[in-house]
Each structure stands twice: as structure tokens, then as C-alpha cells.
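Biologist: Could we go through this protein together? I would like to begin with a charged side chain and then move to the overall arrangement.

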Amino acid sequence: MVENSELRKAGLKVTLPRVKILQMLDSASSGQRHMSAEDVYKALMEAGEDVGLATVYRVLTQFEAAGLVERHNFDGGHAVFELADGGHHDHMVCVDSGEVIEFFDPEIEKLQKEIVKKHGFELVDHNLVLYVRQKSK
């Protein structure tokens with residue numbers, strides 16, 4: 001199982017709750033990629049899995065520390081998680097629906113580096129979040 005090897009590579013013991021949560025996040029990648037702990041918990045309950053909310057929080061924190069997931073705090077501290085795939089992307093968050101849209105723009109990336117360099121720094125990391133609303137017709 002891929003999940004088992006991912007957990008072992010991250011230095012985590014393979015337990016049923018960890019495997020189930022990792023599977024849930026992996027299956028979410030094609031649909032709702034950014035899930036809160038509550039989203040993961042509800043999805044596990046709907047799938048008939050007996051994993052408590054406190055366990056979900058604890059496992060997600062362990063996954064973040066191990067580099068398996070990334071935590072994002074959109075809209076005032078509401079944390080959502082996504083599998084860490086090693087690729088960089090930025091986010092747009094719809095202020096009306098809460099939908100999270102991922103995007104990558106080479107021009108924006110280049111401009112950020114130029115701005116940092118102009119100010120005498122080197123870019124170590126960044127997180128760009130644009131808060132958006134659908135245009136009215």
C-alpha cells in the first residue's frame with residue numbers, strides 16, 4: 001500500500017486511523033483538495049470509519065510535522081489541509097462560497113523575486129492568497 005510506505009518514510013508508525021486519514025486526503029485531491037479537520041472527520045463518518053475528531057486533529061498535526069500535508073489558514077484562522085505534493089502553487093479564496101482555487105503564474109513568481117531582490121533580500125518562501133468574489137454580470 002502506498003499509504004503505508006508514505007507513513008514509514010515520514011517516520012510515522014502505520015496505524016489504521018493514519019492510513020484512513022491519508023487515504024481520505026488522497027481521494028480528496030481530485031475533488032475538494034483543501035479539507036478542514038471537520039471535513040475529514042465528516043467524510044470518514046460517512047464512509048463508516050470509526051475515527052474520532054480528536055484523533056483527526058492529532059493525526060493532521062503529525063502529518064504536518066512530518067511534511068505529508070500543508071496547513072493553510074484561510075479566512076481568519078480556519079485551517080485547511082492538503083497533501084504536500086512538493087509543487088508550488090498559490091490560492092484564491094472566494095469570500096462568498098469559501099471555494100479555494102489553486103493557480104500558478106510564472107509572471108507573478110518572477111515579479112515577487114524581482115521585488116525581493118530590489119529590496120536587498122532573497123526569497124526563502126512565500127504564500128500568496130487572493131480573496132475574490134465572482135463578478136456580477
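Modeller: Lysine 9 is exposed, because its relative accessible area is 66%. Buried means under 20% relative accessible area, exposed over 50%, and partly exposed in between, with a 1.4 Å probe and protein chains only. Please note that this is a predicted model, in which local features need pLDDT of at least 70 and side-chain atom pairs count only at pLDDT 80 or more, while totals for chains, interfaces and linings use all residues. Residues are numbered from 1 along each chain as its sequence is written, and side-chain values use heavy atoms, with hydrogens and water left out.

Biologist: With which residue does lysine 9 form a salt bridge?

Modeller: The partner is glutamate 6, and the closest N and O atoms are 3.4 Å apart. A salt bridge here is a side-chain nitrogen of Lys or Arg within 4 Å of a carboxyl oxygen of Asp or Glu. Glutamate 6 is partly exposed, with a relative accessible area of 29%.

Biologist: How are lysine 9 and glutamate 6 placed in helix α1?

Modeller: They are three residues apart in helix α1 (residues 2-9), so about one helical turn separates them. Helices (H or I, at least four residues) and strands (E, at least two) are DSSP runs, numbered from the N terminus.

Biologist: How many salt bridges are there in the whole structure?

Modeller: The search finds five. One of them joins the side chains of lysine 20 and glutamate 49, at 3.5 Å from N to O. That pair links distant parts of the chain, as lysine 20 is in helix α2 and glutamate 49 is in the loop between α3 and α4, 29 residues apart. Glutamate 49 is partly exposed at 23% relative accessible area. Another salt bridge brings together arginine 71 and glutamate 64, with 2.9 Å between N and O. Arginine 71 is partly exposed at 33%, and glutamate 64 is partly exposed at 31%.

Biologist: Let us step back. What pattern does the protein follow along the sequence?

Modeller: The pattern reads α-α-α-α-β-β-β-β-α-β, with five helices and five strands. The C-alpha atoms fill a box of roughly 50 × 40 × 25 Å along the principal axes. Of the 137 residues, 33% are buried.

Biologist: Which residues have the most contacts inside the largest nonpolar core?

Modeller: They are Ile21, Leu25, Val40, Val56 and Phe63, in a core of 22 residues. At least two residues of this core come from each of α2 (16-28), α3 (37-46), α4 (53-66) and β2 (78-83). The largest share, five residues, comes from α2. A nonpolar core is a set of buried Ala, Val, Leu, Ile, Met, Phe, Trp, Tyr and Cys residues joined through side-chain atoms within 4.5 Å. In soluble globular proteins, nonpolar side chains tend to be buried together.

Biologist: And what does isoleucine 21 touch?

Modeller: Leaving out residues up to four places away in sequence, isoleucine 21 touches Val40, Leu44, Val51, Thr55, Val56, Val59, Leu60 and Phe63. Contact means heavy atoms within 4.5 Å.

Biologist: Is serine 36 buried or exposed?

Modeller: Serine 36 is buried, because its relative accessible area is 2%. It is found in the loop between α2 and α3. Serine 36 touches His78, Ala79 and Val80, again not counting residues up to four places away in sequence.

Biologist: Changing topic: which domains does the assignment give?

Modeller: It gives domain 1 (1-85) and domain 2 (87-136), with bounds that come from an automatic or database domain assignment. Their centres, taken over C-alpha atoms, are separated by 24 Å. Eight residues from domain 1 and nine residues from domain 2 take part in the contact.

Biologist: How much area do domain 1 and domain 2 bury between them?

Modeller: About 670 Å², of which 54% is on carbon and sulfur atoms. Buried area is the accessible area (1.4 Å probe) that two parts lose on being put together, summed over both. In domain 1, His34, Phe74 and Asp85 lose the most area to domain 2, together 59% of what that side buries. The count of salt bridges between domain 1 and domain 2 is zero.

Biologist: Finally, which residue does the UniProt annotation "binding site" cover?

Modeller: According to the unreviewed UniProt entry, it covers Cys94. UniProt positions are given in the numbering used here, feature names are shortened, and annotations may be inferred rather than shown by experiment. Cysteine 94 lies in strand β3 (residues 90-94) and counts as buried at 10% relative accessibility. Leaving aside neighbours within four places in sequence, cysteine 94 is in contact with Glu99 and Val132.
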